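Reader: I would like to walk through this model one piece at a time. Shall we begin with the chain in view?

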Amino acid sequence: SYLESNILQSRKLSNMLRNSSPFQLGSYVGAGPASSAAIENLDQLFHQAFLVQDSFLGVVLRLAGSHNGQFRLRDGCDDAQGALFSSWDGDHDSLSKFQLGGLKSVWSAVRKQDEAYGSKPSYLRDLCRETVYFETVADLRWCLVDIQQDPTLEVVAIKSTMTLERQDREGLRGMLSAG
């Protein structure tokens with residue numbers, strides 16, 4: 001299809017959208033197979049990210065729900081009672097309680113592309129963003145195993161920013177944190 005060949009440039013993304021989307025993706029006669037050409041500009045990359053962000057959030061919700069993952073609460077959320085994170089089932093009515101990742105800002109993407117990737121937009125791989133909090137390393141581990149075994153997902157790279165903190169603000173030792 002035109003979408004698969006020219007915008008998404010990926011049969012896998014196209015199939016994911018086709019299988020998880022409530023709307024019908026158009027098909028155009030004469031469109032060839034998905035291109036393996038590199039992304040040429042940020043506009044094209046943001047179009048792809050916009051098209052897959054709802055499906056991405058759906059995958060994140062499924063994984064979080066299966067592995068006791070929680071989402072960051074908005075500052076000042078009345079239901080928080082001092083908590084920073086809470087589980088979420090994706091219910092639209094409770095969406096306003098959570099501080100979700102969404103898409104990376106254009107400004108941030110341009111800056112990262114220029115400073116870290118030599119103006120090559122195809123190197124940017126984190127436009128669709130989400131943070132899931134796990135209370136145990138075991139829950140995180142099983143979530144990562146689930147990601148690795150899911151045929152609809154492809155792990156391209158892993159960057160760990162987890163460190164062992166010497167002491168957190170409450171005086172507890174041995175806490176893992178990411179930042």
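Reader: What should helix 3 (residues 42–66) span, and how far apart are its end C-alpha atoms?

Author: Helices (H or I, at least four residues) and strands (E, at least two) are DSSP runs, numbered from the N terminus. The expected span is 1.5 Å times one less than the number of residues. For the 25 residues of helix 3, that should be 36 Å, which agrees with an end-to-end C-alpha distance of 34 Å.

Reader: What pLDDT do side-chain atom pairs need in order to count?

Author: Residues are numbered from 1 along each chain as its sequence is written, and side-chain values use heavy atoms, with hydrogens and water left out. This is a predicted model: totals for chains, interfaces and linings use all residues, local features need pLDDT of at least 70, and side-chain atom pairs count only at pLDDT 80 or more.

Reader: Which residue caps the N-terminal end of helix 3?

Author: A polar contact is a pair of N or O atoms within 3.5 Å; within protein, one must be able to donate a hydrogen and the other to accept it, and residues adjacent in sequence count only if both atoms are side-chain atoms. Here the backbone nitrogen of Asp43 lies 3.2 Å from a side-chain oxygen of the capping residue, Asn41.

Reader: Which residue with a positive phi follows helix 3?

Author: Most residues other than glycine have a negative phi. The residue in question is in the loop between helix 3 and strand 1. Its phi is near 60°, and it is Asn68.

Reader: What is the phi of Ser119?

Author: Ser119 is in the loop between helix 4 (106–116) and strand 4 (128–129). Buried means under 20% relative accessible area, exposed over 50%, and partly exposed in between (1.4 Å probe, protein chains only). At 46%, Ser119 is partly exposed. Its phi is positive, near 65°.

**Aromatic rings**

Reader: How many aromatic pairs does the whole structure hold?

Author: Rings of Phe, Tyr and Trp (its six-membered ring) pair if their centres lie within 6.5 Å; planes under 30 degrees apart count as stacked, over 60 as edge-to-face and the rest as tilted. A search of the whole structure gives a total of five.

Reader: How many residues apart are Phe71 and Phe98?

Author: Phe71 and Phe98 are an edge-to-face pair, with 6.4 Å between centres and 80° between planes. Phe71 is in strand 1 (residues 71–72), while Phe98 is in the loop between strand 2 (85–86) and strand 3 (102–103), so the pair links parts of the chain whose separation is 27 residues.

Reader: Are Phe71 and Phe98 buried or exposed?

Author: Phe71 has a relative accessible area of 1%. Phe98 also comes out at 1%, so Phe98 is buried, and Phe71 likewise counts as buried.

Reader: What arrangement do Tyr117 and Tyr123 adopt?

Author: Tyr117 is partly exposed at 25%. Tyr123 is partly exposed at 41%. Their ring centres are 5.8 Å apart and their planes meet at 70°, so the pair is edge-to-face.

Reader: Over the face of which residue does Arg141 lie?

Author: A charge sits over a ring if NZ of Lys or CZ of Arg is within 6 Å of the ring centre and within 35 degrees of the ring normal. Arg141 is 4.5 Å from the ring centre of Trp142.

Reader: How far does a polar side-chain atom of Glu130 lie from the backbone nitrogen of Gly101?

Author: Glu130 is in the loop between strand 4 and helix 5 (137–149). Beyond its neighbours within four places in sequence, its contacts (heavy atoms within 4.5 Å) include Phe56, Phe71 and Gly101. The backbone nitrogen of Gly101 is at a distance of 3.1 Å.

Reader: How far apart in space are Phe134 and Asn68, C-alpha to C-alpha?

Author: Phe134 lies in the loop between strand 4 and helix 5 and is buried at 16%. Leaving out residues up to four places away in sequence, Phe134 touches His67 and Asn68, among others. Phe134 and Asn68 are 66 residues apart in sequence, yet their C-alpha distance is 6.6 Å.
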